[in-house]
Amino acid sequence: MQQVMFIVISAVTLISGALVVTTRSLFRSALWLVLAFFGIAGLFVLLNAEFLAVAQILIYVGAISILIIFAIMLSRGVMDPETRRFNDQWGVVAGFTAVLLVLLVAILTRVQWPLAAGAVPADAIQRLGADFVGPYVIPFEVASVLLVAAMIGAIIIAREREN
Amino acid sequence: MDYVLDFFVNLGRSWTTWLGTFLPEWGVTIINYLVGGIILVLMPVIATLTLTWMERKVIGRIQNRLGPNRVGPWGIFQAIADAVKMLIKEDIIPDAADRPVFNLAPILIAGAAALVWAVMPFGKGVIGVDLNVGVLYLVAVGSITTVSVIMAGWGSNNKFALIGAFRGVAQLLSYEVPMILSIATVVLLAGSMSTMRIVEAQQIPFIFVLPVAFIAYFLASAAEVGRAPFDLLEADSEIVAGYFIEYSGLKFGWFYIAEYGNLFAVSAITATLFLGGWRGPFSHQAPVLGPLYFIIKTVLVVFVMMWIRGTWPRFRIDQMLGFAWKVLVPASLANLLWVAIVLKIALPTIVQWALMLGGNLLILVIAAGMLGRAAKRHAEQRNLAPLSSGAA
């Protein structure tokens, strides 16, 4: 049953990811991206990380996709049917992509990935929170400084010019 | 008699056992999930049918008139008449509209309104699925509404719809922050994000321990749902139905169902988080009374929201956003900080709760004082008549 769900959710994620880059209309590619985010949240649920799944939906679907859509609307030619989707270099790019695919498959199948033994602990969320202010406190604080800098930058850019 | 005392849970068990006599394991699971799904989808529809009638009666009485009273006794069939009217209207799609996006937006928003009911604790053991991250799931599903608002505004190919959608998204995103902060305060106090455990942790309802969190959550969720006084997006005198201006017939019906389903859902969440959910007199001996208390508390909160709608004037968009960021967010942050500090002090629980209540009242007094002074300054700047001069 889990195998079937994994195949379905991965298919949804991969197909919508492919459609993001091949759709003609920019707005629709943003919506396919939203579907890909939902698929990733499904994969998190299959990995027993339900907090990450819900946080994924809250942050990515609720905020980041809105940001992407606003940025798309500020650009020109959003739904222009005249724009070509592929330019003339698609042959070379396809060749490089095939080389990359062979490389990735070779790496993934030959490396001995270390697997953590045991089940997911029942108080995973508490341990996540404790880790944030324990061993991983420095990345946490650096991320919050980055967010404050982004907020200050946004306020300065969007401020009314007082002349 | 014991069967009746815990009726809903026992009914569920008997149903599952009866199904298990002639269906394999996976069949029983699928049928149970289907029944649960149907109940989920029915909740916003039932909410719409009953709450639209209640709203028109309540607001009618506030405005000193009767409200609908012709279609059935006390007008209770008015909602069905409205539903029939909506169903038989012509379905108009604008010529240059983006059809898949246009058609998908009402489905997505109604879906988000239905999904919220999966984690509502109706009674002891009567819940769709007891997620570990119940309240975070509620907020996340609410944020799906934001994407569908933009889809509706964009897909209509209408400048006013797009502006309405932008304003709607600004309001929804701004009010998510105080909502999440006040929910986080309750989660700190209850020690778990699961809605069942939050209800079970309320020996006294949390409204008496954290009034600031209650007020912040109440106002923020009223803004999230788009209720007056935050209904700038859909007020007829403002932007003529905002982002769903181009929708007619059943698609507009889905937006309507989503709005009233969301209203019922946020009232239910308020009742769960702050009023004690399904707890009440004799609810431990007779768990069957749980859903009754839950519905009563939810309807009470709905009534207060309708009362506010009929009484307060509407906010402008800049006043609305300023209120969110300058008043609700600092108050909720201060509340969260104070609760976190108090919980670290090793005192008996009652003393901790009394300290939290004291801190909350202090925050309320400070916030009200600052708002009063800001209002006085604003009135003096604009040379408006001061309130203390009395009737001239």
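Reader: At what angle do the axes of helix H6 and helix H7 of chain B cross?

Author: This is a predicted model, in which local features need pLDDT of at least 70, side-chain atom pairs count only at pLDDT 80 or more, and totals for chains, interfaces and linings use all residues. Residues are numbered from 1 along each chain as its sequence is written, while chains are lettered from A and ligands numbered from 1 in the order in which they are written. H6 of chain B covers residues 134–155 and H7 of chain B covers residues 159–190, and their axes come within 9 Å. The axes, lines fitted to C-alpha atoms (for helices over the stretch in contact) with angles from 0 to 180 degrees between N-to-C directions, cross at roughly 175°.

Reader: Which word describes the direction of H6(B) relative to H7(B)?

Author: Angles under 35 degrees count as roughly parallel, over 145 as roughly antiparallel, 65 to 115 as roughly perpendicular and the rest as oblique. The crossing angle here is roughly 175°. Therefore H6(B) and H7(B) are roughly antiparallel.

Reader: How many residues of the contact of H6(B) with H7(B) are nonpolar?

Author: Ala, Val, Leu, Ile, Met, Phe, Trp, Tyr, Cys and Pro count as nonpolar, Asp, Glu, Lys and Arg as charged, and the others, Gly among them, as polar. In the contact of H6(B) with H7(B), six residues are polar and one is charged. The number of nonpolar residues is 16.

Reader: How is H3(B) oriented relative to H5(B)?

Author: Helix H3 of chain B (residues 25–62) and helix H5 of chain B (residues 99–115) have axes 8 Å apart and pack at an angle of about 105°. That angle makes H3(B) and H5(B) roughly perpendicular.

Reader: Which residues of H5(B) make the contact with H3(B)?

Author: Two residues are in contact if their C-beta atoms, placed from the backbone, lie within 7 Å. The residues of this contact divide into seven nonpolar, no polar and no charged. H3(B) contributes B:Leu40, B:Val41, B:Met43 and B:Pro44, and H5(B) contributes B:Ala110, B:Ala113 and B:Ala114.

Reader: Why is chain B said to be as compact as a globular protein of its length?

Author: Chain B has 13 helices and zero strands, where helices (H or I, at least four residues) and strands (E, at least two) are DSSP runs numbered from the N terminus. The radius of gyration is taken over C-alpha atoms, and the globule rule is 2.2 Å times the number of residues to the power 0.38. For 392 residues the rule gives 21 Å, and chain B is as compact as a globular protein of that length because its radius of gyration is close to this, at 23 Å.

Reader: Is B:Asn64 buried or exposed?

Author: B:Asn64 is in the loop between H3 and helix H4 (78–87) of chain B, and its phi is near 65°, a positive value in a residue other than glycine. With C-beta atoms placed from the backbone, a residue is buried if 20 or more other C-beta atoms lie within 10 Å of its own, exposed if 12 or fewer, and partly exposed in between. B:Asn64 has 6 other C-beta atoms within 10 Å, so it is exposed.

Reader: Which helix supplies the largest share of the side of chain A that touches chain B?

Author: 15 residues of chain A are in contact with 16 residues of chain B. On chain A, helix H2 (26–46) and helix H3 (50–73) each supply at least two residues of that side. The largest share, 11 residues, comes from H3(A).
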